[in-house]
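I opened this notebook to record how one chain is put together.

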Amino acid sequence: MTLMKGSTPLPEDLRVFLTVIRKSGFASAADELGLSAAYVTKRIQILESTLGTRLLHRTSRRVSLTDDGERVKVWAMRILEDFQGMADELGDAHQTPRGRLHLCSSFGFGRNHVAPAVSMLAERYPELEIRLDLFDRVVDIVSEGFDLEIRVGDDLPGQHIGRQLVRNRRILCAAPGYLERRGTPQSLVDLEHHDCLVIKERDNAFGVWSLERDGAHETVKVRGPLSSNSGEIVLQWALDGRGIVLRSMWDAKPLLEQGKLVQVLPGYHQNANVWAVYPTRLAHSGKLRACVEFLENHFMALSI
């Protein structure tokens, strides 16, 4: 690798390069960056010309790193982290968090609770550039380039830092009409003979409800004619009287108060605490700290 005399790679070109690697292609990298594929290709060509070496092997289906590309990847990550560290330090000095912040969460919780919180976060810290992506799958926040995941549930990845934002739990509930028609379960085993509305979320076991009562954990296999990967859809089915649902108190409480749902087996619940999860390398990031503290205060104010 021979660096062109008097030339230095641009940080933005390094960021484009890392995105192409992470997304395994120019088109998908362009989509994430909000740029055209032609512009992404041009920036990679400029980076390779500046460094005097080929960084990527290109085929019709995928891109892969050359040996020099592997070396540049390591340096690019280090350089961009140093740039971000500088911005964080300046932000701390001026008490104004600034720079990019890439968040992710699950579809239902992200849309109903995280998105409004991010809107207020943006108002509080206008120099932050925030992106929020929602998924119905497990996310590897490091390899996929996220700074922070807002996660519901206590099954946290051990290699990351987790900070609880607020306590929450899921409960069993159903519409009064369903219970009048099918009867009210008196034990967990009774659920096996009821229509249960099952949600397939992320990596949770499908059709298996793990619940807690008086500190003891119990599991029941449930089934029913309706299931979905959307908690909002399943909640609507419950309101329509189609069966019993396991739903967060945040969503269920107003419906219980309005009499649209009735809690079933009130001694049982499932912990569904809300966590901020982030890579260890971001532990001292000023912008991340400001974001997590803001979200903690926001969700605690909404706590039930």
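The entries below follow the order in which I looked things up.

**Basis.** I worked from a predicted model, in which local features need pLDDT of at least 70 and side-chain atom pairs count only at pLDDT 80 or more, while totals for chains, interfaces and linings use all residues. Residues are numbered from 1 along each chain as its sequence is written, and side-chain values use heavy atoms, with hydrogens and water left out.

**Whole chain.** I looked up the secondary structure and found nine helices and 15 strands. Helices (H or I, at least four residues) and strands (E, at least two) are DSSP runs, numbered from the N terminus. The C-alpha atoms fill a box of roughly 80 × 50 × 30 Å along the principal axes. Of the 304 residues, 44% are buried; buried means under 20% relative accessible area, exposed over 50%, and partly exposed in between, with a 1.4 Å probe and protein chains only. I then took the contacts (heavy atoms within 4.5 Å) with a separation of 6 or more, and residues 24 or more positions apart account for 74% of them.

**Helices α1 and α3.** Two packed helices are described by the angle between their axes and the distance between the axes. I used axes that are lines fitted to C-alpha atoms, for helices over the stretch in contact, with angles from 0 to 180 degrees between N-to-C directions. The axes of α1 (residues 11-23) and α3 (residues 37-51) come within 9 Å and cross at roughly 115 degrees. The two helices are therefore roughly perpendicular; angles under 35 degrees count as roughly parallel, over 145 as roughly antiparallel, 65 to 115 as roughly perpendicular and the rest as oblique. The crossing of α1 and α3 is left-handed, a term used if the near helix is turned anticlockwise from the far one by less than a right angle, with right-handed used if clockwise. On the α1 side I noted Asp13, Leu14, Val16, Phe17 and Val20, which meet Val40, Arg43, Ile44, Ile46 and Leu47 in α3. By class, this contact of α1 with α3 has eight nonpolar, no polar and two charged residues. Here Ala, Val, Leu, Ile, Met, Phe, Trp, Tyr, Cys and Pro count as nonpolar, Asp, Glu, Lys and Arg as charged, and the others, Gly among them, as polar.

**Helices α1 and α2.** I next took α2 (residues 26-33), which packs on α1 at an angle of about 120 degrees, with the axes 8 Å apart. α1 and α2 are therefore oblique to each other, and their crossing is right-handed. Arg15, Val16, Thr19, Val20, Arg22 and Lys23 of α1 meet Phe26, Ser28, Ala29, Glu32 and Leu33 of α2. The residues of this contact of α1 with α2 are five nonpolar, two polar and four charged.

**Helices α2 and α3.** The axes of α2 and α3 come within 8 Å and cross at roughly 105 degrees, which makes α2 roughly perpendicular to α3. I listed Phe26, Ala27, Ala30 and Leu33 of α2 and Ala37, Val40, Thr41 and Ile44 of α3 as making the contact. Seven of the residues in the contact of α2 with α3 are nonpolar, one is polar and none is charged.

**Cores.** Which residues have the most contacts inside the largest nonpolar core? I found Leu148, Ile150, Leu165, Leu295 and Phe299, in a core of 24 residues. Such a core is a set of buried Ala, Val, Leu, Ile, Met, Phe, Trp, Tyr and Cys residues joined through side-chain atoms within 4.5 Å. Helix α9 (286-302) gives the most to this core, with seven residues. Leaving aside neighbours within four places in sequence, Leu295 is in contact with Ala117, Leu148, Ile150 and Leu165. Apart from this core lies another, of 20 residues, among them Leu14, Leu33, Val40 and Leu65.

**Single residues.** Ser24 sits in the loop between α1 and α2, and I noted a positive phi near 60 degrees in this residue other than glycine. Ser24 counts as partly exposed, at 45% relative accessibility. Asp214, in the loop between β9 (208-213) and β10 (216-221), also has a positive phi, of about 55 degrees. Asp214 counts as exposed, at 77% relative accessibility. Glu144 lies in the loop between β4 (128-135) and β5 (148-152), and the C-alpha atoms of Glu144 and Lys23 are separated by 8.0 Å although 121 residues apart along the chain.
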